[in-house]
Amino acid sequence: MAGEFVLSVLLWLAVVKMLQLGTWPVLDRTLGRLSAAAAYPASVLLFTLASWYCGLLGLPVWLALLPFVGAIAYAGSRRFYTVDRLRSTILWDLAFLIPFLFMLEVRWINPTISYAEKFMDHAFLASIMRQPIVPPLDPWYAGGTLDVYYYIGYWMSGALGLAAGVPSTVTFNLILPTVLGLAVVSLYALGHLLLERYRWLPVLVLFIPNPSAVYHILIGDPWSEILWASTRTIANTINEYPLFSMLWGDVHPHVIGLFNQTFLLFLLVFAYARWGSLSTRGRAILCGLAALALGSMPGINSWDVLVYAPVTLVFGFLIWRRYGNFTWDKERSWMVLAAVPPLAILTYLPFYLQLNSPGIGGIGIVPTPSEPAEFLLVHGFFLAVLIAYCIPDIRRRPYLLAAAVPFVLAGYPVAAVVAVPLVYLVARGRFSAADTLAVLGLLIILMTEIIYLKDNMGETYFRMNTVFKFYLPAWILMGTASLAVIGDWLRSAGIGRRIPARIERVLPVLAAAALLAAPFAINIDFGYGSRTLDGAAYLQASHPGDAAAIAFLRDLPGDHIVIEAEGGDYTYYSRVSSFSGIPTIIGMPFHEYMWRGDEGRISERSADVQAIYEQPSRTVDLARAYNATLLYVGAEERDRYRVSIPTEALKLIYDAEGVRIYRIPT
C-alpha cells in the first residue's frame, strides 16, 4: 500500500515537473534567472486553462498535456536543457519540493475526508474527476451544475489527478502540498526582487502564526485548541492565516488561491522593477501571465479578484508613472493598465458567462467594529513592524497623526490605528514595491473595519465572510511588506556579515531539515489521523459497509444519479455522493441554499428524499422525476428514515455488509 502512494506521489510530481519544463523556455528571455521559478505556477495555470477548454469542447482532459510535451520536444531540439541550465533550476526545484514534502507529511498524518469542509471539497473534486465536463455536475444537486460556485481550483486539482492517474481520494491530499510549494516558489522569487539578502524572508508569511496563536500558547491552552482559537479571535468572524489553513487541511477555494495570489504579486513587482529593461515581447508575455493569474481569480476564489483587480490597477498606474510619466511613451508602460484587465476577462470569458452565482447583496456599514485587543491579536505583528518602519517619518511630521482622529470620533478605534502607518507611507510618496504592498494591505484591513459585503449569513455573522475572505490577502500583502522591511533592517545592521560563509550555507539545509521534521515533532493530528494518503481509507474501519459499497459505485460505469439520506451540513450524511462523485438529489442543504437561494427549492428536495424512503407508493415516480438511477440503503438511511421501499419494483445490484443498492427502472 505504501508503495502505491509513493508511485502516486512520483507520478504527480512528474506531471508538475513536466508542465514546468514545458513552460520554462518560453519565459526564459523575459524573466531570466527567475524564469524557472515562475514556470511552476504559470504552467499549472496554463494547464488548468487548457484542460478546462478541453472539457468545454467535450475533449479528453489529457489533451491539455500535448502543448507542454511539444514545447519540451521543441526546446530540447534547440538544446535549451543544458546541464548548466538544469543545474541552475535546482534551487527552485528545492523551493517547491521541500514545502511540498512538509505538507505531504502533514496530510499523511491527518488525511481523512471527514470534517469541516472536506466532504464538500472532495465531492466537487470527485465529480470533476468522474465526469470532466464543463460546467461540472453538482454532486449535491441532481440535474444542476457547479456554475453557481467558483470551481476552477477543483478543476485544476482534478485535471492534475487525471493526468497523473491518481484517484480522487489521494489527489485530495496532494493538492495542498502542491499549493504550498507553488506559493513558496513565488514568494522566494519575490524575495529576489525585494531584497539584496535574506531573500527567503517573504516565504515566512506562509509559516508564521498570528499573535493570537502565540497568546494561546503563552496562557497554556491545549495544543488541540490553539490553532482553532487563533482563527476565531475577532468576535463572530473567521480570521484564518496561511499556516492554519494548511494545517487544518480544507482543500477550499481560499486556500487553493494562495499560490495564485503570490504569483500575481511576483509578476506585478517584477514588472514594476524591470519594465524598462524588457523587450516588447517580454512585456507582452508579462502582461499575458498577469492576465492569466488575475483572470483565474473569479474561478478559483471570487473574493480574491475584489482585492487583486484594484492591486493590479495600482501597480499598472505606478508602472506607467515610473516609466512613462503618464504619457504614451515608446516603452509602452501603459500596457499593464491597457492589456491585463481586458485579457483577463477574455481569457476566461466562457466561465464568466456560465457563472450563475447569486453574488453579494450590497455593501453595508459596520455597526460594531472589532475590539482593539482582538484586532491586534490578528494583525499586531505586521502593524508593529510597519509603525516602527514609519517612526522616522512620524518624528519629522507628527501633525499627520491627526489623520487618525476622524476614525476615533466615528467610533472606529482600530481604523485609527491602521490609519497611522497608512497615512505616513502614502505621504512618503516613495511607493517602493514594499511600501506599495504595505499600503494595499493596510487599506484592506481599514476598509473591512468600516464596510462589509452583505450575504445570507444572518445578523450575528454579518461580517464573517468579509473578514474571512479579505484578511488572507491582507495577510499576504502586509506580511510580505513587513518581512521585506525586516530584511532591510537586518542588512543595514550588518548581521549577515557576522555569520561565516560556511555557516550561512549550512543554515538553509538546517531550516529545511527542521521544516521536514516539524510535522512529527509537533502533534498535528486532529483526531482523524490514519497515516495514509487515501482520504477515504478510514471508512474501512469506521464504516466498512459504506467503504465497500462506495468502492463498487466508483467503478460503476455510466452516468448515474444516486439517492441517499440527507442529514444536514457538516455531517457524515451525503457521504455516497461525496466519495463517489455521483450526484445525489440533495446534499448538505444549507450550502446549496447559499448558492441557489429560494429558487433551488432545497426544502422540497429534502422532503422528496424522505418520501422516496418512507412512502413506497411514491418511490419510483419521485426517483424518476429527478432522473435518479440508483437507490442506496445503508446504516445512515435506516437511522434517518423509516425505510419502506418497493423492493419488488427495484433491481438489487449490490448487497453486502448491511448496504443494499438498487437500480431504479426507467
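Mentor: Start with burial. Buried means under 20% relative accessible area, exposed means over 50%, and partly exposed lies in between (1.4 Å probe, protein chains only). Helices (H or I, at least four residues) and strands (E, at least two) are DSSP runs, numbered from the N terminus. This is a predicted model: local features need pLDDT of at least 70, side-chain atom pairs count only at pLDDT 80 or more, and totals for chains, interfaces and linings use all residues. Residues are numbered from 1 along each chain as its sequence is written, and side-chain values use heavy atoms, with hydrogens and water left out.

Trainee: Which residues of strand 4 are buried on each side?

Mentor: Strand 4 spans residues 630-633, and both its faces are covered. Leu630 and Tyr632 are buried on one side, Leu631 and Val633 on the other.

Trainee: Which way do strand 3 and strand 4 run?

Mentor: Two strands pair if DSSP finds at least two bridges between them. Strand 3 (residues 562-563) runs parallel to strand 4, joined by two bridges. Valine 562 has leucine 630 as its bridge partner. On to strand 6 (residues 659-663): four bridges join it to strand 4, and the two run antiparallel. There, leucine 631 stands opposite tyrosine 662.

Trainee: Is isoleucine 175 buried or exposed?

Mentor: Isoleucine 175 counts as buried because its relative accessibility is 2%. Its place is in helix 8 (residues 168-194). Now look at contacts, meaning heavy atoms within 4.5 Å. Leaving aside neighbours within four places in sequence, isoleucine 175 touches Trp12, Ser157, Val251 and Ile256.

Trainee: And what does threonine 262 contact?

Mentor: Beyond neighbours within four places in sequence, threonine 262 is in contact with Ala183, Ser186, Leu187 and Ile476. Threonine 262 lies in helix 13 (residues 258-274). With a relative accessible area of 0%, threonine 262 is buried.

Trainee: What lines the second largest pocket?

Mentor: A pocket is an open set of points on a 1 Å grid over the protein atoms alone, where a 1.4 Å probe fits, with protein on both sides within 12 Å along at least five of seven lines; lining residues have an atom within 4 Å of a point. Here 41 residues line the second largest pocket, and Tyr150, Trp303, Asn465, Lys469 and Met594 lie nearest its centre. Helix 15 (302-324), helix 23 (464-493) and helix 28 (589-596) each supply at least two lining residues. Helix 28 gives the most, with five.
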